[in-house]
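Me: I'm new to this one. Can you put it up and walk me through chain B?

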Amino acid sequence: MIRLNLFRLFYRELRQQRKRMSLTIVALAWGTFSIVILLAFGEGLNRQMTKAFHGLGQGICIVFGGQTSMPYRGLGKGRAIFLKPEDVELLTERVSGIELISPENERYGNTLTYGRKSVTKMVIGVSPSFEELRTYYPERSSRFVNPTDIDSKRRIIFLGARIKEALFGGEEAVGKTILINAIPFLVVGIMQDKMQNSMYNGPDVEKAAIPFTTYQAIYGDKYLDRLIYKPKDLAGSEAVKNDVIRVLAQKYKFDPKDKQAIDFWDTIEQEKLSGKIFLGIRIFMGLIGALTLIVAGVGVANIMYVSARRRTKEIGIKMALGAKKRYILSQFIFEALMIAFVGGAGGILLSFLAVSGINTMSLKGFVADILAHPVISLNIMILTALILSLIGFLAGFFPARKAASLNPVEALRYE
Amino acid sequence: MIKMEKINKTYGKGSAQVEALKEIDLEIKENEFVGLIGPSGSGKSTLMHIIGCLDVPTSGQYFFEGEKVQEFSSNQLAEIRNKKIGFVFQNFNLLPYATTFENVELPMIFKGVSAKARRAKVMELLDRVKLAARAHHRPSELSGGEMQRVAIARALTNDPRLILADEPTGNLDTKSGEEILKIFEDLWNQGHTLVIITHNPYIAECAQRVVKLRDGLVEEDSVRNLG
């Protein structure tokens with residue numbers, strides 16, 4: 001009951017100091033808002049970049065033929081190394097660490113025709129595992145190349161989203177027949193649109209995939225353009241890579257230490273590197289955030305400090321009337337908590353509104369895709385509000401404690 | 001009611017040291033009306049702060065209702081101020097943002113009185129100082145005399161035996177001063193003990209006993225026969 005009375009009194013007094021209160025609350029809210037927003041954009045950038053990078057595939061290695069740079073067992077350097085279709089089988093047998101593997105052959109300049117429309121695009125020949133390796137995910141009620149297609153050398157085709165758009169527009173494409181250079185192919189799948197910021201020979205949405213066996217039957221390529229594999233676990237990727245090199249070195253007779261004989265695009269390695277870059281960006285953002293926090297903190301501290309000083313006389317009056325130290329301090333604590341709560345909650349609410357506002361604007365284009373997807377971190381939000389509140393509280397608490405420990409006469413004399 | 005033995009109070013240190021009170025011996029009995037007079041700097045306010053447990057003496061013994069005040073903690077002093085002493089200041093010392101009602105209520109909140117009991121008491125006191133109509137005004141909307149009456153009502157909330165007033169009419173015009181004095185006289189007649197610092201010769205005349213201070217010493221202590 002007594003406590004309740006006290007709080008009611010505190011509340012009444014708070015109401016009397018609206019200007020100072022609202023200033024403090026605005027400072028708190030703004031500090032919280034700026035940091036949360038800043039870090040939300042940082043986190044959003046990180047996630048979108050990662051997602052776009054995964055447009056190429058997640059945790060995969062792409063292997064290209066190369067040219068030897070070291071002599072090996074009597075063979076000179078400068079020999080070209082070409083990968084062959086049967087290498088896929090060889091590696092599957094000999095390297096146990098491989099989870100998925102697919103050959104890839106490609107050819108530019110194919111005319112794809114549907115009805116009266118035609119486009120000139122790249123066609124690739126691949127295995128079913130290519131779907132998972134290179135994120136060639138089919139849209140609903142459509143599919144990628146399957147093992148039966150491979151076995152029967154079926155003439156089926158899986159279209160990139162842009163090709164489908166160009167040939168069919170809004171029309172249903174699955175089940176229709178198109179021509180590749182006058183050879184009819186049945187459309188079985190359309191690729192889901194995806195973000196992709198890493199690629200070779202153009203974005204995947206501009207490519208059309210057919211079964212590897214069908215491709216070989218039509219084009220008869222002697223060599224592979226590349227092969228793609230995914231190790232069973234990321235931690236062992238280096239060992240798997242060494243095994244792949246060892247097996248290929250033995251077959252093609254080059255020095256396993258020769259870095260140029262075959263060419264690796266190791267996205268696992270690359271992702272680790274870009275992870276480090278993003279860690280750097282995060283630290284940078286965090287630093288800016290911390291500096292902002294200090295500025296906001298100083299503002300809050302200043303207001304609370306001045307307020308406590310100005311109320312020394314009031315504290316004196318209350319002490320003369322019989323208020324105990326405990327009462328004076330609990331008033332300041334109550335005030336700081338109130339201000340912290342309202343200010344922090346305001347800042348959090350504001351950042352939620354801003355972030356969801358930006359996310360619903362659905363801005364178009366690559367820059368917007370990458371930048372305009374802020375993600376709020378609850379931890380950072382709460383931490384920020386807490387730190388600011390603590391600063392404000394300490395700034396108010398110490399002058400109040402000083403005033404409460406004065407004898408009432410001195411406090412009363414304070415003007 | 002109170003008894004002081006060889007009370008000293010010094011401010012500052014070294015060469016800047018000021019002796020505000022020197023070896024004061026003073027006893028005030030129940031239901032006395034004491035006027036405390038003297039030129040400025042004579043130590044009247046310091047003496048009153050010590051009587052009122054707002055400050056503690058540098059040396060000497062102070063007994064409040066037989067208890068040694070020096071040995072009290074700041075919380076015990078606060079309790080004495082809250083329950084046994086009522087203060088009236090020259091500059092009123094009202095909380096500027098609180099209404100008349102809230103200002104008067106304050107000592108009861110510190111004491112822990114229930115809201116209902118507080119309300120009854122505040123209205124009774126405001127009636128007594130004829131300010132019931134001003135219960136929801138703020139100090140800035142009141143005249144000096146009204147503010148001082150609020151302060152007196154506040155001093156009376158916890159029914160203290162001792163009322164201490166420091167120049168209660170110092171900031172008031174003659175008419176308001178007379179009203180205030182009238183209230184003090186009533187309080188005295190009701191059995192309160194009053195100690196009033198004043199330059200106002202009229203109040204000094206009303207007092208039953210006048211203590212005159214000069215340079216931290218009691219220069220004159222005269223009990224008047226009010227036959």
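Reply: Here is a short tour of chain B. This is a predicted model, where local features need pLDDT of at least 70, side-chain atom pairs count only at pLDDT 80 or more, and totals for chains, interfaces and linings use all residues. Residues are numbered from 1 along each chain as its sequence is written, while chains are lettered from A and ligands numbered from 1 in the order in which they are written.

Me: How many helices and strands in chain B?
Reply: Chain B has 7 helices and 10 strands. These are DSSP runs numbered from the N terminus: helices are H or I, at least four residues, and strands are E, at least two.

Me: Which strands make up the open sheet?
Reply: Four of chain B, in the order β2-β1-β4-β5, with antiparallel pairing. Strands pair if DSSP finds at least two bridges between them.

Me: How many bridges join β4(B) and β5(B)?
Reply: β4 (residues 59-64) pairs with β5 in chain B over 2 bridges, in the antiparallel sense. There, F64(B) stands opposite E67(B).

Me: New topic. How many residues of each chain are in the contact?
Reply: 22 residues from chain B and 22 residues from chain A. Contact means C-beta atoms, placed from the backbone, within 7 Å.

Me: Which helices of chain B supply at least two residues?
Reply: α2 (74-84) and α3 (100-111) of chain B each do, on the side that touches chain A.

Definitions and conventions. Two residues are in contact if their C-beta atoms, placed from the backbone, lie within 7 Å.
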